[in-house]
Amino acid sequence: MREEYDIEKLNPRKNPYSRRLKKQITINIDSDTVDFFKEQSKESGIPYQTLINLYLSDCARNKKQLQMSWK
């Protein structure tokens, strides 16, 4: 092994995932909603938090607008 390495020469490429860093937040979600995603998780084998993130990412990417009506 060398005593020193020139890091810039080892990997001159930029990290392709650096744009998509995740941010940890605290959010309150109804138990029924969490249970729904946990059930989906069992069926798909994907962790429920990842499923929630995928769903929210899809909403943001497709600029989905929330449509609500109060009765």
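R61 is exposed, its relative accessible area being 57%, where exposed denotes a value over 50%, buried one under 20% and partly exposed one in between, computed with a 1.4 Å probe on protein chains only. The model is a predicted one, in which local features need pLDDT of at least 70 and side-chain atom pairs count only at pLDDT 80 or more, whereas totals for chains, interfaces and linings use all residues. Residues are numbered from 1 along each chain as its sequence is written, and side-chain values rest on heavy atoms, with hydrogens and water left out.

A search of the whole structure for salt bridges returned two, a salt bridge being a side-chain nitrogen of Lys or Arg within 4 Å of a carboxyl oxygen of Asp or Glu. In one of them R61 is joined to D58, with the closest N and O atoms 4.0 Å apart. Both residues belong to helix α3, where D58 and R61 are separated by three residues, about one turn of the helix; helices here are DSSP runs of H or I with at least four residues, and strands are runs of E with at least two, numbered from the N terminus. K63, in the segment after α3, has a positive phi of about 50 degrees although it is not a glycine, and K63 is exposed, with a relative accessible area of 65%.

Two aromatic pairs were found in a search of the whole structure, rings of Phe, Tyr and Trp (its six-membered ring) being paired if their centres lie within 6.5 Å, with planes under 30 degrees apart taken as stacked, over 60 as edge-to-face and the rest as tilted. The pair formed by F36 and F37 is edge-to-face, with 5.3 Å between centres and 85 degrees between the planes. F36 is partly exposed, at a relative accessible area of 47%, whereas F37 is buried, at 14%. Ring pairs join F36 and F37 with Y55 in a cluster, and Y55, which is found in helix α3, is partly exposed with a relative accessible area of 46%. The C-alpha atoms of Y55 and S69, residues 14 apart along the chain, are separated by 22 Å. A further contact to a ring involves K38, whose charged end sits over the ring of Y48 at 5.1 Å from its centre, the criterion being NZ of Lys or CZ of Arg within 6 Å of the ring centre and within 35 degrees of the ring normal.

The largest pocket holds about 680 Å³ of space. On a 1 Å grid over the protein atoms alone, a pocket is an open set of points where a 1.4 Å probe fits, with protein on both sides within 12 Å along at least five of seven lines, and lining residues have an atom within 4 Å of a point. This pocket is lined by 18 residues, of which K22, K23, Q49, I52 and N53 are the closest to its centre. Helix α3 (residues 48–61) supplies the largest share of the lining, nine residues. By residue class, the lining comprises eight nonpolar, six polar and four charged residues.

Methods. Grid points are joined across faces, edges and corners, and a volume is the space filled by probe spheres set on the points. Ala, Val, Leu, Ile, Met, Phe, Trp, Tyr, Cys and Pro count as nonpolar, Asp, Glu, Lys and Arg as charged, and the others, Gly among them, as polar.
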